[in-house]
Amino acid sequence: MAPKKMKVENVEEENQKDVTEDVQTIPKPNISRIKNKILRNEMYKKLRVEKRKAKLKEKQRKKKEAESMGEEAPPKQVPKTIESMRVKDETMVNKEDTEVMLDEAQDELATYFNRETSPQILITTCDRPCLRTNKFCKELKLTIPNSEIKYRRGLDLKKIIPQAKERGYTDIIIVNEDRKEPNGLVITHLPEGPTLHFKLSSVRLTTEIKRVGEMSKHKPELILNNFGTRLGHSVGRVFASLFPHDPQFQGRRVVTFHNQRDFIFFRHHRYVFRNNKRVGLKDLGPRFTLKLRSLQKGTFDSKYGEYEWVHKRKEMETSRRKFSL
């Protein structure tokens, strides 16, 4: 009778193996096959919740393992992003570089940084600007202190520059447009330059921003991020020369120029300290994005001007991870 029992046990084990193999081969249910839209959405929400919980459990497990291992824990993996895989530019400089400090002490913007002059900004447009461009200029005037708007009235820019010098303006901002949309920005520092030409995109006025805050008349603080190359230093100094020296911190206004992958993002916020660690931000507008096209010595001269840097599309896009600013 003993061998018969062994045969029965072997048969049961084989049956269990067949059942487990069938369970593994059965595919998971496909949500897209559910015809009822309501049931399909409910199933999709459940799957998302389950994935989120599983991801959180895995994160907690890894955290406990790292705490238990202590110093022997492996280093955290750095995610591969376009910014982290960026090829380092040869012109990347430090703020304390003596050669850069000597050059900046003698450039055209030295009078501003030595507090010999205070910014007086003239904002103008192309000929016959549309309503949206006029609104954008008015919001720039509210954002940048000590600025005025003057309409071109058909005058050439070369005639405007000497008149602006006589009236004591330190910078001119020209807003260009195409198809009733602002698409270009030119900044000329007076009296000897330099001149920056930007492509303007992603313009959002204050009326187009949700839950926008109220703007005060206090002088804003200025934040310049990721202007680390030699070219970036020059561009950052031009942006800095547009704003007064001493910001009024009680107004809690902040203007930010954030450079990422050679796109300069402009943001205007008011901050509030919620506690010792958290800070709340309120968007004041406007928002826009700049892309540097050229850096020219001296004031604006499209024919005979000397260009320090020009964006060359074919050369710049051969390596998409190499940036200049």
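Residues are classed by relative accessible area as buried (under 20%), exposed (over 50%) or partly exposed (in between), with a 1.4 Å probe and protein chains only. The structure is a predicted model, in which local features need pLDDT of at least 70 and side-chain atom pairs count only at pLDDT 80 or more, whereas totals for chains, interfaces and linings use all residues. Residues are numbered from 1 along each chain as its sequence is written, and side-chain values use heavy atoms, with hydrogens and water left out.

The chain has 325 residues, of which 34% are buried. Its accessible surface (Shrake-Rupley method, 1.4 Å probe; for residues, only the protein chains shown count as cover) is about 23200 Å², and carbon and sulfur atoms contribute 51% of this area. With contact defined as heavy atoms within 4.5 Å, 65% of the contacts between residues at least 6 apart in sequence join residues at least 24 apart.

Strand 10 (residues 287-296) is mostly covered, with eight of its ten residues buried. Pairing of two strands requires that DSSP find at least two bridges between them. Strand 5 (residues 195-204) runs antiparallel to strand 10 and is joined to it by eight bridges; here Arg 204 is placed opposite Arg 287 of strand 10. Strand 8 (residues 263-273) is also antiparallel to strand 10, with four bridges between them, and Ile 264 has Leu 290 of strand 10 as its bridge partner. Strand 11 (residues 307-310) pairs with strand 10 through three bridges, again in the antiparallel sense. Within this pairing, Leu 295 is bridged to Trp 309 of strand 11.

Ile 264 also belongs to the largest nonpolar core, which holds 33 residues. Such a core is a set of buried Ala, Val, Leu, Ile, Met, Phe, Trp, Tyr and Cys residues joined through side-chain atoms within 4.5 Å. The members that touch the most other members are Phe 198, Val 235, Phe 239 and Ile 264. When neighbours within four places in sequence are left aside, the contacts of Ile 264 include Phe 198, Phe 227, Val 235, Phe 239 and Phe 257, as well as Phe 288, Leu 290 and Leu 325. His 258, Asn 259 and Thr 289 are also among the contacts of Ile 264.

Two cis peptide bonds are described here. One joins Gly 193 to Pro 194, with omega about 5 degrees, and Pro 194 is located in the loop between strand 4 (182-189) and strand 5. Another runs from Gly 285 to Pro 286, with omega near 0 degrees; Pro 286 is in the loop between strand 9 (279-283) and strand 10.

Positive phi values are found at residues other than glycine. Ser 202, in strand 5, has phi of about 55 degrees and is exposed, with a relative accessible area of 53%. Arg 252 has phi near 60 degrees and lies in the loop between helix 7 (230-240) and strand 7 (253-260). The relative accessible area of Arg 252 is 30%, and this residue is therefore partly exposed.

Key
Helix = DSSP H or I, 4+ residues; strand = E, 2+ residues; numbered from the N terminus.
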